[in-house]
Amino acid sequence: MSGNIPLIDVSALDGGSPAAVEALAAQIGRACRDIGFFYVTNHSVPAGLIDRAFEASADFFARDEAKKMRSVYSASGNRGYVPMKGEALDPTKPADLKEAFNIGLELPPDDPEIVEGRMFRAENRWPEMAGFRDTMLAYFDACHGLGRAIHRAFAIDIGIDEDFFEDKLDRPMAVLRLLHYPPAPERLDEGQLGAGEHTDYGCVTLLATDGVGGLEVRNRAGEWLKAPHVPGAFVCNIGDCLMRWTNDIYVSTPHRVVSPSGRERFSIAFFLDPNPEAEIACLPNCASDDRPARYVPIRGDAFLLSRLSPTYETSGLGKGAKEASKTHA
Ligand SMILES: O=C(O)CCC(=O)C(=O)O
Ligand SMILES: [Fe+2]
């Protein structure tokens, strides 16, 4: 255990015996039903690749603002650079003290879904930086693979076909998000944080942190727990979409980032959202007489849009997503 957030060794996901996979699925399932957060250790993403992604991220954020703005965020594709204070994860509080860069599924310009103007389908907005794209695509693919493997464990825990999620996660609206938090200024606005209190929107998040700390998680008792950096591990948490899919059996837990004091902080989140057309309807085994289905079925893209729009309301960066959804929901 690390501050009540369990450490889970997931090596059995790569060719473990059926008994080992079964035991791992039960362990993961317990964490998802309880705090909704766990550390993933002994996973398949190479340490050297994580290091390279952090280096490329630091190089990107160190660039002139004007250069970063060449890749500015587009809401309809949910890709690109979100400048400092461009977003408020808690829309009731001042904007977050952070900047971010979003990378989505890499698609060619002639991909039929791009040509049709589908929401959340767009080309990535690559900066002109040697090696950046290759590193980020390798990191995206590695996290996508790990996220799908973790979904096999979820399926086993829930007692459905172990491949249930495969074709709902093979062209995902996933976002690889580089994050940079500057040191807290002497005077912070009332209630200002690096990342305001929020829950994540997708199925799972795989978060890599540096050694600076600052992530906090609210447990069921309402206490804020520090989620310290565990070298080599990802912090994995359930998002709102999987909570809805499991009829609230798995929990999406509020968390926040306190601005670092005296030094900057970097983190990299991989948000695994489902395919746009995936139907998010109560899973088999997740409803019973005591717990009837709580939500109407919804498409993945409509659900993500409903959760994403409010965070950009103050800065205006969200423009374009709602318009795109009117033509193609
Ligand atoms: O930077 C972090 O440690 C967490 C960020 C986060 O929770 C988010 O972007 O959803
Ligand atoms: Fe988050």
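**Figure 1. Ligand 1 takes up the space of the largest cavity.** On a 1 Å grid over the protein atoms alone, a cavity is a set of points where a 1.4 Å probe fits but cannot get out, and a molecule sits in one if more than half of its atoms lie within 2 Å of the grid points. Before you zoom in, please note that this is a predicted model, in which local features need pLDDT of at least 70 and side-chain atom pairs count only at pLDDT 80 or more, while totals for chains, interfaces and linings use all residues. Residues are numbered from 1 along each chain as its sequence is written, chains are lettered from A and ligands numbered from 1 in the order in which they are written, and side-chain values use heavy atoms, with hydrogens and water left out.

**Figure 2. The shell around ligand 1 draws on several strands.** The surrounding residues, each with a heavy atom within 4 Å of the ligand, are L179, Y181, H198, D200, L207, H255, V257, R265, S267 and F271. At least two shell residues come from each of β5 (175-181), β11 (255-257) and β12 (265-272). Strand β12 gives the largest share, three residues. Strands here are DSSP runs of E with at least two residues, and helices are runs of H or I with at least four, numbered from the N terminus.

**Figure 3. Polar side chains meet oxygen atoms of ligand 1.** Here is a view for anyone who likes polar contacts, which are pairs of N or O atoms within 3.5 Å; within protein, one atom must be able to donate a hydrogen and the other to accept it, and residues adjacent in sequence count only if both atoms are side-chain atoms. Y181 places a polar side-chain atom 2.6 Å from a ligand oxygen. For D200, the corresponding distance is 3.1 Å, and an N or O atom in the side chain of R265 lies 2.8 Å from an oxygen of the ligand. On its own, ligand 1 has 290 Å² of accessible area, and the protein covers 97% of it (Shrake-Rupley method, 1.4 Å probe; for residues, only the protein chains shown count as cover).

**Figure 4. T205 reaches D200, a residue of the ligand shell.** T205 belongs to strand β7 (residues 204-209). The side chains of T205 and D200 make a polar contact at 2.7 Å. T205 counts as buried because its relative accessibility is 3%, where buried means under 20% relative accessible area, exposed over 50%, and partly exposed in between (1.4 Å probe, protein chains only). Leaving aside residues up to four places away in sequence, T205 touches D200, V235, C236, N237, A269, F270 and F271, with contact meaning heavy atoms within 4.5 Å.

**Figure 5. N247 has a positive phi, near 60°, in a residue other than glycine.** N247 is found in the loop between α6 (240-245) and β11. With a relative accessible area of 1%, N247 is buried. A polar atom of its side chain lies 3.3 Å from the backbone oxygen of P292. Beyond residues up to four places away in sequence, the contacts of N247 include C282, C286, R291 and Y295.

**Figure 6. A153 is a buried residue of helix α5.** The helix spans residues 132-158, and A153 has a relative accessible area of 1%. Residues up to four places away in sequence aside, A153 touches L13, A25 and I28. For orientation, A153 and H198 are 25 Å apart, C-alpha to C-alpha, and 45 residues apart in sequence.

How values were computed:
On a 1 Å grid over the protein atoms alone, a cavity is a set of points where a 1.4 Å probe fits but cannot get out, and a pocket is an open set with protein on both sides within 12 Å along at least five of seven lines; lining residues have an atom within 4 Å of a point.
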